[in-house]
Structures are given as structure tokens and as C-alpha cells.
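Please look at the sequence and the model below before reading on.

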Amino acid sequence: MAPPQRTKSTPYERRTSNGISRRSLLAGAAAFGAFGSLAAACSRIPPEGSVEGGDLLERLRSRGSVKVGIASEPPFGYINKDGEPDGEAPAIAKVIFTRLGIDNVTPVPVEFGALIPGLKAQQFDVVSAGMYINPTRCAQVLFSDPDYLMLDSFIVPAGNPYNIQRYEDIAEQNLVLATGTAYAEIDYALAAGIPDSRLLILPDQVAGLDAVVQGRAAAFAGTNVTVTGVVENSPRAEATEPFQPYVNGEPAYGAGGFAFRRSEKNFRDAFNVELHKLKDSGELLDIVSPFGFTEAEMTDLTAEELC
């Protein structure tokens with residue numbers, strides 16, 4: 001189970017996450033409580049912690065459509081101006097689901113912290129948001145193998161006046177660090193010695209850019225591709241060089257994938273088969289490159305290794 005959330009200590013939501021990755025997981029659970037009770041009444045849910053085969057894939061093929069949960073986080077997943085799911089993860093989803101016999105992908109946008117609760121409550125069928133894979137989340141959902149591996153970067157004021165390159169630089173100078181709700185970067189910051197009182201938790205990277213240029217935070221921590229995209233046209237901010245974060249002396253790999261209910265192992269396994277075909281053929285890189293992903297973000301890590 002995910003650890004408890006800490007209380008908010010300022011209007012800017014200064015709080016921590018103890019082991020919860022990117023991008024806390026119980027956030028939004030109350031919003032789905034009533035829905036979850038209804039879903040449980042309509043469809044048998046396996047006991048917590050168990051894994052079952054499931055027949056969701058066959059039902060989705062018959063229906064001809066799949067609902068995917070996404071959060072507004074370019075370039076991983078978002079709703080474009082036409083109301084369609086867009087970004088790295090939805091682009092992969094459209095290809096794989098078509099090959100699995102499901103032609104229509106319907107987006108269900110929620111806040112990032114509500115993705116796993118919403119999946120478990122059957123509000124949607126799959127999480128398609130580039131979600132980092134870690135043991136805390138693996139205890140709640142089944143993950144596909146990752147489709148990318150990402151380094152971290154910071155949004156800093158133009159010229160990088162505090163010479164920030166690593167989380168430790170922020171801790172040593174007792175600066176304020178901003179990052180996103182439920183981001184893994186919260187844990188990386190705490191591990192580097194940044195106290196909870198110096199963390200500013202914001203909705204997304206756009207709010208992070210504003211906090212940095214307004215001087216409310218010395219930096220905003222996020223994935224390299226997210227940070228690079230949001231500062232692209234800003235004369236007042238820049239992105240630092242990408243780097244590998246560490247927790248307790250071990251590299252904290254930012255590898256993301258698709259999440260499935262633990263009752264739907266057959267669905268996850270079929271998805272993995274198609275994902276590996278894309279990897280082996282090189283097609284995966286072609287699909288994600290329009291969103292800023294490069295060969296450097298491709299990975300052979302597995303969900304088993306990350307869990």
C-alpha cells in the first residue's frame with residue numbers, strides 16, 4: 001500500500017511523498033470512493049495483492065474501444081486542441097490497441113495522483129500517462145515493461161545564478177525546490193537532504209516555470225523532456241543538463257510504462273507482446289520521437305526489474 005500523505009503546511013502545498021513516484025498515489029482516492037463501491041458491485045475484483053488473468057481484453061475487442069486514463073503532462077500525455085488524447089503514451093496506445101483489435105481510444109483526463117485510484121475504481125481500463133514504475137505502485141497495479149527511461153533536469157532562472165546541477169546543490173544552499181504533485185522528484189529531493197519545509201508542490205511544470213521566474217522557487221525538478229519543453233520559449237528560464245538522480249546511493253531509474261488492474265494479467269501480457277515488437281523493429285522510437293524522445297530514452301529494462 002502507498003504510505004500516508006503528509007498534511008499541507010502552506011497554501012502552496014509544501015509536503016512530501018515517502019516512496020511515491022512521478023509523477024501521493026492515494027490522492028484522489030476519496031473522489032472515487034462511491035464509484036469504486038459501484039464498480040465492485042458490478043464486477044468482481046480480486047483480493048488486494050492478488051493477480052488474476054481476466055477477460056477485459058476480449059470485452060474491449062467486442063466493444064471496439066478502450067478508455068485510457070491520462071494526466072495533463074506534456075509530452076507524456078494530454079488532451080490536444082481537438083479533444084483527442086495526445087503525447088508519447090497515447091501515441092503508443094493507439095498503435096498497440098489497434099493491433100490488439102481495439103480501434104478507438106477514449107481519453108479520461110484526471111489529475112496525476114488520481115490515476116491509480118481511478119484505474120482501480122474502473123473509471124478507465126488502462127493508465128496511459130508515462131507513469132514511473134516503482135515497488136510502491138507495483139503493489140497496486142500491473143505494469144507493462146517500460147517504454148522509456150528518463151533522466152532528471154531542473155528549470156532554473158536564466159543564467160542559473162545558484163549553479164544548480166543536482167538536488168544536493170539545493171539542499172546545501174537551503175533553497176526552495178518546486179516540483180509536481182506525486183512526482184518521484186519529491187523523494188529524490190528528500191533523499192538529498194532538502195527538508196519538507198523547502199518543497200513547493202505544484203500542479204504541473206507550467207506552474208513550476210511560473211514559480212521559478214517569479215522567484216518563489218530556485219528551481220523546479222522534473223523529467224528532462226518535460227523541463228526542456230516547457231522552457232523552450234522562455235527568455236527568463238532555462239533547463240539544466242540532464243542527470244541521474246540517486247536515492248541512498250543507488251540510481252533511481254525514471255522508467256515509465258502503462259498500468260493495468262491486477263485482475264487483468266492477460267491484457268497486460270498481450271500489450272507487452274506488441275510493445276516488444278515495436279521495440280525490436282525500431283518503430284517505438286519513430287512513434288515517440290515527435291514528442292522529444294530520442295534513442296537515449298529507449299530502454300531494455302523490464303517491469304519485473306523495476307518492481
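## Model and confidence

This is a predicted model, in which local features need pLDDT of at least 70 and side-chain atom pairs count only at pLDDT 80 or more, while totals for chains, interfaces and linings use all residues. Residues are numbered from 1 along each chain as its sequence is written, and side-chain values use heavy atoms, with hydrogens and water left out.

The average pLDDT (the predictor's confidence in each residue, from 0 to 100) is 86 for the chain, and 83% of the residues score at least 70. Over residues 1–43, pLDDT stays under 50.

Strands here are DSSP runs of E with at least two residues, and helices are runs of H or I with at least four, numbered from the N terminus. In a regular strand the side chains alternate between the two faces of the sheet. In β9 (residues 177–180), Leu177 and Thr179 lie on one side and Ala178 and Gly180 on the other. These four residues are all buried (under 20% relative accessible area; exposed is over 50%, partly exposed in between; 1.4 Å probe, protein chains only).

Strands pair if DSSP finds at least two bridges between them. β9 pairs in the parallel sense with β10 (residues 199–202) over four bridges. From β9 the chain crosses through helix α7 (residues 185–191) to β10. This β-α-β crossover is right-handed (with the strands pointing away from the viewer, the path from the first strand over the helix to the second runs clockwise). β9 also pairs in the parallel sense with β11 (residues 219–223), over three bridges.

## The disulfide

The whole structure holds one disulfide (a pair of cysteine sulfur atoms within 2.5 Å). Cys138 is joined to Cys307, with 1.9 Å from S to S. Cys138 is buried at 11% relative accessible area, whereas Cys307 is partly exposed at 41%.

How values were computed:
Contact means heavy atoms within 4.5 Å.
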